[in-house]
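This report describes how selected elements of a protein model pack together. Please consult the sequence and the structure shown here while reading.

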Amino acid sequence: MFRFLPAAGAGRWLVVESLPYLPGVCRRYPGASITVVTRFEEAPELPELRALPVTWAVQDFRAGGLAFPHGSFDFVLAESCLTEAGDPDSVMMELSGVLTDTGTLYTQFRNIRYQGILEQLRCGAFRVRSQHYYAKSEVVRLLNDALFKEIFFLPGQQDEEDAAEKQWQERGFEDFSRDLATAVWFVRASRSTASVANLKSLYSRPVRARLSRLLHRIEYGIDTEKSVAELHRLCREQEIFPEYLDDFIHEACLHEQRVHDAL
């Protein structure tokens, strides 16, 4: 999982369970504010955890109802949230909600299309009943429904190439990115695309909202002269530079050329 985490992440972290990763997260991000949610009451007193500079919240995330305001965290590390959640859709929405609108979730899931699982099913057996298994496409649907915009996968546990993998392909199973050989996929899901996240990082939400409103008025010809004058005034007051304005127009406006022509 650490291969997938950012090189620098000194913002606000929420670590949901994922206790084996906690000492490493503290070492890797010494300037971060870290809050830990766990259902295990004894966890804060474990010898390897009790001296860590974190804030503890003893709560069972599987039941839902994370007690944090909207937009409280920049990063969420929730290794087992997909595997153990009672209602994965609700848990994903909750985790999305506690992130900022440029925040990122790091998690993982067990792959139902893994050749070892397929072989069990072929033999009429499925030994794991207490955990959720997913195909990639289902995880994408869950995360899209929870308003995540960019989703990336990295193999977390993958077999060496062997004859069994090829046999499943011959039976008609697609093997994109060696999905059949991957028992666990790591997931990084961001609330905004990289380009939009960059736009959101430079100016406050009220400034961006005002800028968006003016651009849409210009785009659709609503008091164009007055809206253009107000836009120029906003750019001077907030020191909005031309390159930023061009990128914002590209992301916010359907009819970009109309706006550029009016400016």
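Contact means heavy atoms within 4.5 Å; helices (H or I, at least four residues) and strands (E, at least two) are DSSP runs numbered from the N terminus. In helix 3, the buried residues are P88, V91, M92, L95, S96, G97 and V98, where buried means under 20% relative accessible area (1.4 Å probe, protein chains only).

This is a predicted model, in which local features need pLDDT of at least 70 and side-chain atom pairs count only at pLDDT 80 or more, whereas totals for chains, interfaces and linings use all residues. Residues are numbered from 1 along each chain as its sequence is written, and side-chain values use heavy atoms, with hydrogens and water left out.

## Helix 3 against helix 5

Helix 3 (residues 88-98) packs on helix 5 (residues 136-145) at an angle of about 50°, and their axes are 8 Å apart. Axes are lines fitted to C-alpha atoms over the stretch in contact, and angles run from 0 to 180 degrees between N-to-C directions. This angle makes helix 3 oblique to helix 5; angles under 35 degrees count as roughly parallel, over 145 as roughly antiparallel, 65 to 115 as roughly perpendicular and the rest as oblique.

On helix 3, P88, D89, M92 and M93 meet R141, L142, L143 and D145 of helix 5. The residues of this contact comprise 5 nonpolar, no polar and 3 charged. Here Ala, Val, Leu, Ile, Met, Phe, Trp, Tyr, Cys and Pro count as nonpolar, Asp, Glu, Lys and Arg as charged, and the others, Gly among them, as polar.

## The nonpolar cores

The largest nonpolar core contains 28 residues, and those with the most contacts inside it are V76, C81, L82, M92, L95, L105 and L143. Such a core is a set of buried Ala, Val, Leu, Ile, Met, Phe, Trp, Tyr and Cys residues joined through side-chain atoms within 4.5 Å. Helix 3 provides the largest share of this core, 4 residues. Apart from it lies another core, of 27 residues, including L5, L19, I34 and V36.

## Helix 8 and helix 10

The axes of helix 8 (residues 205-219) and helix 10 (residues 242-252) come within 11 Å and cross at roughly 70°. Helix 8 and helix 10 are therefore roughly perpendicular to each other. R208, L211, S212, L215 and H216 of helix 8 make the contact with Y244, L245, F248, I249 and A252 of helix 10.

Notes
Buried means under 20% relative accessible area, exposed over 50%, partly exposed in between (1.4 Å probe, protein chains only).
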